[in-house]
Amino acid sequence: MPDDVLLMILSLMPVKDAVVTGSLSMRWSDLWRNLIRLNFDGTEAFHKMASDKKLCVIERCKYVNQVYNVITSHTHPTVQDFRIRFDLDATESQEIDEWVEFALDKKVETLELDLLDKTYDIRDPDENYEFRLPSSISMLGEMLSLKNLFLKGVSLLGPTLNEILTISPHLEKLYMFGTDVYPCICFGGQGINLKHFKLVSCSGIESISLHGFDLVSFTYYGPEIELHLSDLPKLKEVVIGEVSVGLENNVFSQISSCALYLQALELDVRSPKKGLEVNAIIKLPNVKKLTLAMDAEEDDCLLEFTSIAQACPSLETFSIALHWFSPLKRRRKIRRVAAPHVHKHLKRLEMSGYYGRISDLELAVYVIDNAAAALKKIVIDPCCQAFGGRLSKEDCLKRLPAARSSATHQLTPLLPPGVDMTIL
């Protein structure tokens with residue numbers, strides 16, 4: 001096989017495995033040095049490290065040396081993907097700075113720094129590595145090749161973020177997870193080419209203001225903040241959720257300026273017992289996919305949240321994720337919405353966390369009653385969607401057969417002709 005094909009195969013391996021191939025023959029000895037995808041994934045050691053602090057130090061040293069040995073031997077003029085995935089913090093700042101400079105000098109297109117703790121917990125911000133641009137890049141004033149930047153478990157100061165956006169005219173994806181960010185994120189204008197912006201569990205943020213560029217998707221999971229989205233005519237997808245963010249934070253007024261453009265909306269509704277201010281819901285005329293993730297601990301009726309679906313006249317897919325900590329069931333009569341609402345275009349219902357409680361059944365019946373003419377597919381996932389609580393993974397798995405049985409017995413008799421149901 002030609003070298004290009006062999007390099008393509010090697011690029012699919014973790015770097016440490018690709019390097020080992022250098023011992024196969026003379027032809028292979030230098031082949032890995034021309035890899036354009038360098039994926040330094042060391043997460044396989046996390047399980048051992050979590051139970052042995054001394055081993056953490058040893059594994060860190062091994063990982064740092066591995067990266068150093070590879071980048072100092074690399075001979076290809078460019079690197080397309082450069083990914084660091086290991087438990088690293090501020091104590092390795094000098095080494096990580098050198099790796100970032102190496103990647104940027106090699107005209108990297110996708111740069112990922114995943115420095116999350118070995119238990120995947122989010123560190124104290126003071127312990128995080130602070131991402132900063134090398135002086136050589138800052139002086140040059142441009143990063144023409146960078147298209148995707150993924151940061152996990154790092155700190156990012158405001159001036160650095162603004163500089164990245166300013167000198168990276170082709171940057172399309174910026175994802176941050178567990179990143180410590182400065183309080184006020186505000187950017188926009190025709191010089192920004194960012195298409196996808198995602199922030200999950202990032203600390204330090206008080207407000208986000210995005211304006212005047214061709215953003216396509218925006219995701220924010222985190223504590224309550226001020227959110228301003230304006231003059232974003234290409235914005236098609238918005239995801240907002242976690243903690244008190246959502247309906248309690250007047251999310252509809254925050255997204256009202258882009259309501260006409262949205263085609264997909266996902267809301268993570270925590271504490272639904274506080275109730276929904278129906279009058280706050282805005283019309284979402286072009287939303288075709290609506291996803292609602294909701295707490296469903298005590299089998300409370302959740303039908304009021306179908307008001308959000310009713311605000312989407314073009315809705316084609318309605319996805320509901322039910323998060324419960326304990327599968328409590330109440331004996332009560334099934335309720336229906338006071339006034340029927342016909343969903344003319346609703347073709348697909350997806351429900352995860354379906355356990356067969358009255359509250360679960362009420363939501364399914366709502367869709368079956370009000371979308372019978374268009375409905376084609378129902379997908380039921382009975383697996384527990386809880387993110388904590390008293391149930392262990394083993395407990396959830398034990399409950400799966402009962403949940404599947406409940407879904408089958410409850411919903412099968414209600415299916416309109418022509419509607420196909422799949423229970424995972």
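**View 1. Strands β11 and β13 of the predicted model.** Strand β11, residues 207-211, pairs with β13 in the parallel sense over five bridges. Two strands count as paired if DSSP finds at least two bridges between them. Leu210 has Leu229 of β13 as its bridge partner. The structure is a predicted model, in which local features need pLDDT of at least 70 and side-chain atom pairs count only at pLDDT 80 or more, while totals for chains, interfaces and linings use all residues. Residues are numbered from 1 along each chain as its sequence is written, and side-chain values use heavy atoms, without hydrogens and water.

**View 2. The open sheet with strand order β9-β11-β13.** Its three strands pair in parallel. At the edges lie β9 (184-188) and β13 (226-230), each of which pairs on one side only. Strands (E, at least two residues) and helices (H or I, at least four) are DSSP runs numbered from the N terminus.

**View 3. Helices α5 and α6.** The axes of α5 (residues 53-73) and α6 (residues 93-105) come within 11 Å and cross at roughly 30°. Therefore α5 is roughly parallel to α6, a term for angles under 35 degrees. Axes are lines fitted to C-alpha atoms, for helices over the stretch in contact, with angles from 0 to 180 degrees between N-to-C directions. Tyr63, Val64, Val67 and Ile71 of α5 meet Glu95, Trp99 and Phe102 of α6; contact means heavy atoms within 4.5 Å.

**View 4. The protein chain as a setting for the close-ups.** The chain has twelve helices and 20 strands. Of its 424 residues, 50% are buried, meaning under 20% relative accessible area with a 1.4 Å probe, protein chains only.

How values were computed
Angles under 35 degrees count as roughly parallel, over 145 as roughly antiparallel, 65 to 115 as roughly perpendicular and the rest as oblique.
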